[in-house]
Structure formats: structure tokens, C-alpha cells
Amino acid sequence: MLVSLMISTYNWKEALSLCLYSAFAQTVKPCEILIADDGSRDDTKQLIDKMRAKTDIPIVHVWHEDKGFRLSAIRNRSIERAKGDYIIQIDGDILLDRHFIADHLELAEKGYFVCGSRVLLGRMATARLLRGVETHPALFKQDLSFLLNAFRSHTLRLYLANRYAKNSMLRIRGCNMAFWKEDLFRVNGYNESLEMWGQEDVEISYRLIHAGIQKKQLKMGGVQFHLYHKFASRENLEYHEQVLRKVIEEKTIWCENGIVKEDKAYKENNG
């Protein structure tokens, strides 16, 4: 099984650098790293070019022009480019525990997608990491409400996978998810009509479930640390929630404005 690690980013090369170093240190290496770049400046490209010299993992920079927040669109372009059968999705402001990919692969199973957790870092912890004062977050200095997300247990990980938040979508985190590539194409990827921030990860999760793909929750593993930053604009959130409600009510599977732009019925009738 080939695994692609997909990292979304936008104009924060310092965070992306830390994220990439944590990806290079994985005990199980991906076959490639896809940088889903939502229109960053040229300094991000320059960083990626420098980082290529530090690893034997192929790094594919997938970029489109900056026309506002278009995360769904750049993720779709990256999914199209992926060589892996299995795609693990994170954000570029994430530091990975070195067993992150290995833990994800323990839960990889046909007919399932996987949702993981995160440890939210505070402003000071983030500053120390970005300045190089620390190379790894000091666990017991973090918010206690997230502390359990920093621990690993093989036994508990397997026990909780099909039990924790089994019927809840409240634990969906787009910065820590994994999918079979064929399942993403089955639902036509992310909904590119969802621009700005919010619910794009929950919306695709519902469509996967409607297509018969079940959810596993990765707890006690797949540890990641989320660097502190200001919240993105919630300007379009009300519209995104309307789209989500319709997907739930109509049990939608296929997204019209996704990876494939042609009408699905036309595709089926015309091969």
C-alpha cells in the first residue's frame, strides 16, 4: 500500500518548515508529500525547494493562484495528483509525533475513513517552537483538556477505533484525516462551492458515510500538535451549514462541484 501525506498550507512557511521536518522523521515514511498550497507567495516555493534537499521523500508542490480561501479546490487538485492508494491529510501548521503515520496505518481498512485528534498549542508554546527554543512541545505545559490527545496506546487505539464517537460527527478534524483515494473519487472529492472556512471536512464525511464508507476514530495515537494562530474568517459559515444540512437530509453522495466537473449522469451514460 502506497501512502501519500497531503499537507495544506497558505503563507506560513515557518510553520510549514516545522511540519515538514516532523514528516521527514516518521518511523513509516510516505511514498510522497503533497503540498496543497492555496496560493502562497513565492517564499513558500523557495522553502519547499530547500526542503527537498533534506529528504529522499518526493515532495510535490500543488499550487493555484490566490483568489481567496479555496482549500477544497486545492485539496482536490492534490488528490488528483496523488500516487498513493491511501491519503493521510494534515495541515501545514501541525507538528507530527514520529509514529503518526504508523498509527494511522494500524487503522487503515477498506470500507473506512479515519478521523484523528489534535493537541492545541498555546501562543507561548508556539512561539518557542518557531524560534527554535524547543524542538518538541512540552506536554505538561499544555492545556489539560487536550492532554489525553498526546498519549499513545496500541491496545486502547484498537479498542476505541469503532467505539469512540461512533455516531457523532463532532470529532471531525480536517487537519487529521485519512482516506482511500478510490473512496474520495467515489464521492467526487471536496465540495469546491464551500469557500472560506468551515464544515468542508464534515460535509465530505457525511457523503462518504452515505456512500457506505464507515468512520473510525483514531484515539490514543496519530498524535499531532497544532500551532497557535488566529481564527480564520467565519464569513461564509452560515451558507456552509445550509449546504451541510441539505447533504444530510438528502443523503447526498456525489458532489457536483468537486474533482470531476462534468455532470455525473452524463459521465455514466457516456463512459
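These legends go with close-up views of a predicted model.

**View 1. The protein as a whole.** Along the principal axes, the C-alpha atoms fill a box of roughly 60 × 45 × 40 Å. As for contacts with a separation of 6 or more, 85% of them link residues 24 or more positions apart.

**View 2. The sheet of 7 strands.** Read across this open sheet and you get the order S3-S2-S1-S4-S8-S6-S9, with mixed pairing. Strand S3 (59-63) and strand S9 (214-218) sit at the edges, each pairing on one side only. From one strand to the next, the twist averages 20°.

**View 3. Where S6 meets S9.** Zoom in on strand S6 (residues 112-116), which runs parallel to S9 and is joined to it by 5 bridges. Look for Gly116, standing opposite Leu218 in S9.

**View 4. The sheet of 3 strands.** This open sheet goes S5-S10-S7, again with mixed pairing. Strand S5 (94-96) and strand S7 (119-120) each have a single partner strand, so one side of each lacks a neighbour in the sheet. S7 and strand S10 (residues 224-226) pair in the parallel sense over 2 bridges, and Val119 stands opposite Phe225 in S10.

View 5. Of the 271 residues, 53% count as buried. The protein exposes about 13,100 Å², and carbon and sulfur atoms supply 52% of that area.

Conventions. Residues numbered from 1 in each chain as written. Predicted model: local features only at pLDDT ≥ 70, side-chain atom pairs only at ≥ 80, totals over all residues. Heavy atoms only, no water. Pairing = 2+ DSSP bridges. Helix = DSSP H or I, 4+ residues; strand = E, 2+ residues; numbered from the N terminus. Axes fitted to C-alpha atoms, helices over the stretch in contact; angles between N-to-C directions. Buried < 20%, exposed > 50% of the residue type's maximum accessible area, 1.4 Å probe, protein only. Contact = heavy atoms within 4.5 Å. Areas by Shrake-Rupley, 256 points an atom, 1.4 Å probe, with all protein chains shown as cover.
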